[in-house]
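My entries follow in the order I made them.

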Amino acid sequence: MRAHIPPKTSHSKDKRVMLDRALSKLGVCSRFEARRAVHEGRVRVNGKAITQHTHWITLGMDRIALDEQPVRTAERSSYLILHKPPGYVTTRQDNLHRPTVFDLLPAEISAPSPRNKNSWLFPVGRLDFESEGLLLFTNDGPLGDALTAPESHVDKVYRVQLERLPTSAELLQLEHGVRLGDFKTLPARITLEATQKHANTREHWLRIAIHEGKNRQVRRMFAAVGCEVRRLIRLSIGPLQLGDLPLGAWRELTASEVQALKKACARNLRERS
(Lines give C-alpha, C1' and ligand atoms only; values in the text may rest on other atoms or scores of the structure.)
Protein backbone atom coordinates (compact mmCIF):
# COMPACT_ATOMS: atom_id res chain seq x y z
CA MET A 1 0.00 0.00 0.00
CA ARG A 2 1.38 3.39 -0.97
CA ALA A 3 1.92 5.95 1.75
CA HIS A 4 -0.33 8.98 1.75
CA ILE A 5 1.66 12.16 1.15
CA PRO A 6 -0.01 15.15 2.78
CA PRO A 7 -0.33 18.36 0.78
CA LYS A 8 2.26 21.02 1.52
CA THR A 9 1.14 24.27 3.04
CA SER A 10 3.05 27.36 4.09
CA HIS A 11 2.54 26.28 7.70
CA SER A 12 3.74 22.71 7.25
CA LYS A 13 6.52 23.29 4.74
CA ASP A 14 9.76 21.51 5.81
CA LYS A 15 8.10 20.32 9.06
CA ARG A 16 6.01 17.39 7.80
CA VAL A 17 8.35 14.45 7.31
CA MET A 18 8.23 10.68 7.43
CA LEU A 19 9.18 9.12 10.74
CA ASP A 20 12.52 7.65 9.61
CA ARG A 21 13.60 11.00 8.20
CA ALA A 22 12.50 12.76 11.39
CA LEU A 23 14.71 10.50 13.51
CA SER A 24 17.60 11.18 11.16
CA LYS A 25 17.08 14.96 11.13
CA LEU A 26 16.91 14.99 14.93
CA GLY A 27 20.30 13.29 15.11
CA VAL A 28 18.99 10.07 16.63
CA CYS A 29 20.32 7.62 14.06
CA SER A 30 20.67 7.05 10.34
CA ARG A 31 17.55 6.45 8.27
CA PHE A 32 18.51 2.78 7.92
CA GLU A 33 18.75 2.40 11.71
CA ALA A 34 15.54 4.41 12.11
CA ARG A 35 13.60 2.11 9.81
CA ARG A 36 14.77 -0.95 11.69
CA ALA A 37 13.85 0.60 15.06
CA VAL A 38 10.38 1.52 13.78
CA HIS A 39 9.74 -1.93 12.31
CA GLU A 40 10.84 -3.51 15.61
CA GLY A 41 8.19 -1.50 17.46
CA ARG A 42 10.69 0.57 19.44
CA VAL A 43 9.31 3.98 18.37
CA ARG A 44 6.25 5.78 19.73
CA VAL A 45 4.63 8.94 18.42
CA ASN A 46 2.39 10.79 20.89
CA GLY A 47 2.39 7.68 23.09
CA LYS A 48 1.32 5.28 20.33
CA ALA A 49 3.61 2.57 18.94
CA ILE A 50 4.30 3.10 15.22
CA THR A 51 5.64 0.27 13.07
CA GLN A 52 5.66 1.95 9.64
CA HIS A 53 8.63 4.19 8.83
CA THR A 54 6.46 6.01 6.26
CA HIS A 55 4.27 7.42 9.03
CA TRP A 56 4.11 11.23 8.72
CA ILE A 57 4.86 13.46 11.70
CA THR A 58 5.19 17.18 12.31
CA LEU A 59 8.55 18.22 13.70
CA GLY A 60 8.27 20.42 16.75
CA MET A 61 4.70 19.28 17.48
CA ASP A 62 4.55 15.48 17.64
CA ARG A 63 6.20 13.76 20.60
CA ILE A 64 8.61 10.99 19.58
CA ALA A 65 10.16 8.37 21.87
CA LEU A 66 12.73 5.68 21.05
CA ASP A 67 13.11 2.78 23.48
CA GLU A 68 10.88 4.69 25.95
CA GLN A 69 13.25 7.70 25.91
CA PRO A 70 12.01 11.07 24.59
CA VAL A 71 13.74 12.15 21.41
CA ARG A 72 15.06 15.69 21.43
CA THR A 73 17.30 17.58 19.08
CA ALA A 74 20.94 17.08 20.02
CA GLU A 75 22.49 20.19 21.51
CA ARG A 76 25.47 19.69 19.25
CA SER A 77 26.64 17.23 16.65
CA SER A 78 29.26 14.71 17.71
CA TYR A 79 31.74 12.84 15.52
CA LEU A 80 34.30 10.21 16.46
CA ILE A 81 36.17 7.32 14.89
CA LEU A 82 37.01 3.92 16.33
CA HIS A 83 39.69 1.47 15.22
CA LYS A 84 37.42 -1.58 15.34
CA PRO A 85 39.14 -4.86 16.24
CA PRO A 86 37.89 -8.19 14.86
CA GLY A 87 35.46 -10.00 17.12
CA TYR A 88 32.95 -7.18 17.63
CA VAL A 89 29.56 -6.67 16.00
CA THR A 90 28.54 -3.25 14.70
CA THR A 91 25.32 -2.84 16.63
CA ARG A 92 24.25 -1.53 20.03
CA GLN A 93 22.84 -4.87 21.22
CA ASP A 94 23.40 -8.41 19.97
CA ASN A 95 20.95 -11.28 20.38
CA LEU A 96 23.88 -13.72 20.60
CA HIS A 97 25.48 -11.66 23.41
CA ARG A 98 28.66 -11.05 21.43
CA PRO A 99 30.80 -7.97 22.19
CA THR A 100 29.64 -4.86 20.34
CA VAL A 101 31.54 -1.82 19.14
CA PHE A 102 29.69 0.25 21.75
CA ASP A 103 31.52 -1.75 24.44
CA LEU A 104 34.69 0.01 23.26
CA LEU A 105 33.25 3.50 23.83
CA PRO A 106 32.79 5.23 27.20
CA ALA A 107 29.23 4.92 28.50
CA GLU A 108 28.91 8.68 28.89
CA ILE A 109 29.45 9.02 25.13
CA SER A 110 27.50 6.10 23.72
CA ALA A 111 24.77 5.16 26.20
CA PRO A 112 21.34 6.67 25.44
CA SER A 113 20.14 8.78 28.33
CA PRO A 114 17.43 11.43 28.68
CA ARG A 115 20.05 13.61 30.40
CA ASN A 116 22.59 13.24 27.60
CA LYS A 117 21.25 14.72 24.38
CA ASN A 118 24.50 14.00 22.57
CA SER A 119 24.40 10.26 23.28
CA TRP A 120 22.47 9.00 20.25
CA LEU A 121 25.58 8.03 18.33
CA PHE A 122 25.24 5.55 15.51
CA PRO A 123 27.84 3.91 13.26
CA VAL A 124 28.01 5.19 9.68
CA GLY A 125 28.02 1.97 7.71
CA ARG A 126 29.03 -1.34 9.21
CA LEU A 127 32.00 -3.63 9.56
CA ASP A 128 31.16 -7.30 10.01
CA PHE A 129 32.21 -9.39 13.00
CA GLU A 130 35.56 -10.48 11.53
CA SER A 131 36.47 -7.16 9.89
CA GLU A 132 38.48 -4.34 11.41
CA GLY A 133 39.49 -0.76 10.80
CA LEU A 134 37.86 2.66 10.63
CA LEU A 135 34.34 2.99 12.01
CA LEU A 136 32.75 6.45 12.11
CA PHE A 137 30.13 7.35 14.75
CA THR A 138 27.94 10.46 14.79
CA ASN A 139 24.54 11.82 15.76
CA ASP A 140 24.45 13.86 12.53
CA GLY A 141 21.79 11.91 10.64
CA PRO A 142 21.92 13.83 7.32
CA LEU A 143 25.70 13.47 7.11
CA GLY A 144 25.57 9.77 7.97
CA ASP A 145 22.96 9.13 5.27
CA ALA A 146 24.87 11.18 2.69
CA LEU A 147 28.16 9.39 3.35
CA THR A 148 26.60 5.97 2.81
CA ALA A 149 24.59 6.93 -0.30
CA PRO A 150 26.24 5.52 -3.47
CA GLU A 151 25.30 8.68 -5.41
CA SER A 152 27.61 10.70 -3.15
CA HIS A 153 30.57 8.81 -4.66
CA VAL A 154 32.44 8.84 -1.34
CA ASP A 155 35.12 6.15 -1.54
CA LYS A 156 35.59 3.57 1.19
CA VAL A 157 39.08 2.07 0.95
CA TYR A 158 39.87 -1.39 2.33
CA ARG A 159 43.11 -3.30 2.71
CA VAL A 160 42.42 -6.95 2.00
CA GLN A 161 44.46 -10.10 2.58
CA LEU A 162 43.53 -12.97 0.25
CA GLU A 163 44.44 -16.63 0.11
CA ARG A 164 45.47 -15.95 -3.50
CA LEU A 165 45.58 -12.93 -5.77
CA PRO A 166 42.93 -12.61 -8.49
CA THR A 167 43.99 -13.21 -12.07
CA SER A 168 44.10 -10.31 -14.52
CA ALA A 169 40.70 -11.32 -15.88
CA GLU A 170 39.24 -11.54 -12.38
CA LEU A 171 40.64 -8.11 -11.49
CA LEU A 172 38.94 -6.60 -14.54
CA GLN A 173 35.71 -8.29 -13.55
CA LEU A 174 35.93 -6.85 -10.04
CA GLU A 175 36.78 -3.38 -11.31
CA HIS A 176 33.92 -3.34 -13.81
CA GLY A 177 31.36 -4.85 -11.41
CA VAL A 178 30.30 -8.35 -10.40
CA ARG A 179 26.85 -9.82 -9.97
CA LEU A 180 25.90 -10.40 -6.31
CA GLY A 181 22.42 -11.87 -6.13
CA ASP A 182 19.96 -9.38 -7.56
CA PHE A 183 22.38 -6.48 -8.09
CA LYS A 184 25.64 -5.71 -9.84
CA THR A 185 28.34 -3.83 -7.97
CA LEU A 186 29.43 -0.43 -9.17
CA PRO A 187 32.95 0.02 -10.61
CA ALA A 188 35.77 -0.38 -8.08
CA ARG A 189 39.45 0.59 -8.02
CA ILE A 190 42.01 -2.06 -7.06
CA THR A 191 45.72 -1.65 -6.29
CA LEU A 192 47.95 -4.68 -5.76
CA GLU A 193 50.55 -4.69 -3.01
CA ALA A 194 53.80 -6.62 -3.16
CA THR A 195 53.44 -10.20 -1.95
CA GLN A 196 54.97 -10.58 1.51
CA LYS A 197 56.95 -13.72 2.38
CA HIS A 198 56.99 -15.10 5.93
CA ALA A 199 58.96 -18.31 6.43
CA ASN A 200 57.28 -20.82 4.11
CA THR A 201 54.10 -18.79 3.64
CA ARG A 202 53.09 -15.88 1.41
CA GLU A 203 50.69 -13.07 2.22
CA HIS A 204 48.72 -11.59 -0.66
CA TRP A 205 47.42 -8.06 -0.05
CA LEU A 206 45.59 -5.52 -2.17
CA ARG A 207 43.53 -2.36 -1.70
CA ILE A 208 40.04 -1.85 -3.04
CA ALA A 209 38.00 1.36 -3.18
CA ILE A 210 34.21 1.19 -3.48
CA HIS A 211 31.48 3.77 -2.88
CA GLU A 212 28.61 1.49 -1.96
CA GLY A 213 28.10 -0.50 1.22
CA LYS A 214 26.01 -3.61 0.68
CA ASN A 215 26.08 -6.29 3.38
CA ARG A 216 29.56 -7.92 3.45
CA GLN A 217 30.07 -6.51 -0.04
CA VAL A 218 33.86 -6.71 -0.29
CA ARG A 219 33.96 -10.30 0.96
CA ARG A 220 31.17 -11.26 -1.45
CA MET A 221 32.88 -9.55 -4.38
CA PHE A 222 36.05 -11.59 -3.95
CA ALA A 223 34.07 -14.77 -3.28
CA ALA A 224 32.33 -14.17 -6.63
CA VAL A 225 35.68 -14.65 -8.41
CA GLY A 226 36.81 -17.52 -6.20
CA CYS A 227 39.07 -15.65 -3.78
CA GLU A 228 38.82 -16.13 -0.01
CA VAL A 229 39.29 -13.07 2.21
CA ARG A 230 41.53 -13.70 5.21
CA ARG A 231 41.64 -10.18 6.65
CA LEU A 232 39.65 -7.04 5.85
CA ILE A 233 40.67 -3.62 7.18
CA ARG A 234 38.88 -0.35 6.35
CA LEU A 235 41.45 2.39 5.95
CA SER A 236 39.36 5.41 5.03
CA ILE A 237 35.95 6.90 4.34
CA GLY A 238 36.38 9.72 1.84
CA PRO A 239 39.00 12.11 3.27
CA LEU A 240 38.82 10.57 6.77
CA GLN A 241 41.83 8.31 7.41
CA LEU A 242 42.34 5.62 10.05
CA GLY A 243 45.99 6.67 10.30
CA ASP A 244 47.93 5.41 13.31
CA LEU A 245 44.97 5.15 15.69
CA PRO A 246 45.69 2.06 17.85
CA LEU A 247 43.50 -1.03 17.58
CA GLY A 248 40.47 -0.67 19.87
CA ALA A 249 41.06 3.05 20.46
CA TRP A 250 38.80 5.98 19.54
CA ARG A 251 39.09 9.73 19.18
CA GLU A 252 36.92 12.69 18.28
CA LEU A 253 37.20 14.18 14.80
CA THR A 254 38.82 17.56 14.34
CA ALA A 255 36.78 20.43 12.94
CA SER A 256 38.73 20.24 9.67
CA GLU A 257 37.97 16.51 9.33
CA VAL A 258 34.24 17.15 9.81
CA GLN A 259 34.29 19.92 7.21
CA ALA A 260 36.18 17.70 4.77
CA LEU A 261 33.55 14.95 5.16
CA LYS A 262 30.72 17.41 4.56
CA LYS A 263 32.48 18.80 1.51
CA ALA A 264 32.99 15.28 0.12
CA CYS A 265 29.24 14.75 -0.12
CA ALA A 266 28.05 18.37 -0.23
CA ARG A 267 25.44 18.00 -2.99
CA ASN A 268 23.86 14.92 -1.46
CA LEU A 269 23.96 16.50 1.99
CA ARG A 270 22.08 19.58 0.75
CA GLU A 271 19.36 17.35 -0.67
CA ARG A 272 18.96 15.57 2.68
CA SER A 273 19.02 18.61 4.96
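I started at Ile64 and listed its contacts (heavy atoms within 4.5 Å), leaving aside neighbours within four places in sequence. Ile64 is in contact with Leu19, Ala22, Leu23, Leu26, Val43, Arg44, Ile57, Gln69, Pro70 and Val71. A second, separate nonpolar core has 31 residues, including Ile109, Leu121, Leu162 and Leu174. The largest core has 37 residues, and Leu23, Ile64 and Leu136 have the most contacts inside it. I took a nonpolar core as a set of buried Ala, Val, Leu, Ile, Met, Phe, Trp, Tyr and Cys residues joined through side-chain atoms within 4.5 Å. Buried means under 20% relative accessible area, exposed over 50%, and partly exposed in between, with a 1.4 Å probe and protein chains only. In soluble globular proteins, nonpolar side chains tend to be buried together.

A note on the source: this is a predicted model, in which local features need pLDDT of at least 70 and side-chain atom pairs count only at pLDDT 80 or more, while totals for chains, interfaces and linings use all residues. Residues are numbered from 1 along each chain as its sequence is written, and side-chain values use heavy atoms, with hydrogens and water left out.

Next I took the totals for the chain. It comes to eight helices and 18 strands, which are DSSP runs numbered from the N terminus (helices H or I, at least four residues; strands E, at least two). Of the 273 residues, 49% count as buried. Among contacts with a separation of 6 or more, 66% are between residues 24 or more positions apart.

I then looked for aromatic pairs (ring centres of Phe, Tyr or the six-membered ring of Trp within 6.5 Å; planes under 30 degrees apart are stacked, over 60 edge-to-face, the rest tilted). The structure holds one such pair. The ring centres of Phe102 and Phe137 are 5.5 Å apart and the planes are at 80°, so the pair is edge-to-face. Phe102 lies in the loop between strand E7 (79–84) and helix H3 (107–110) and Phe137 in strand E9, so the pair ties together parts 35 residues apart in sequence. Both Phe102 and Phe137 are buried.

For salt bridges (a side-chain nitrogen of Lys or Arg within 4 Å of a carboxyl oxygen of Asp or Glu), I got a count of 16. One of them joins Arg35 and Asp20 at 2.7 Å, N to O. Arg35 lies in helix H2 (residues 31–39) and Asp20 in helix H1 (residues 19–25), so this pair ties together parts 15 residues apart in sequence. Arg35 is partly exposed at 34% relative accessibility, whereas Asp20 is buried at 0%.

Which residue does Arg126 meet in a salt bridge? The partner of Arg126 is Glu33, at 2.8 Å, N to O. Glu33 also forms a salt bridge with Arg36, with the closest N and O atoms 3.1 Å apart.

Last, I checked Asp140, found in the loop between strand E9 (132–138) and helix H4 (141–148). Asp140 is buried yet has no salt bridge; the nearest side chain of opposite charge, Lys262, is 4.2 Å away. Lys and Arg count as positive and Asp and Glu as negative, with His and the chain ends not counted. A polar contact of 2.7 Å joins the side chains of Asp140 and Tyr79. I used the rule of N or O atoms within 3.5 Å; within protein, one must be able to donate a hydrogen and the other to accept it, and residues adjacent in sequence count only if both atoms are side-chain atoms. The Asp140 side chain also reaches the backbone nitrogen of Leu143 at 3.2 Å.
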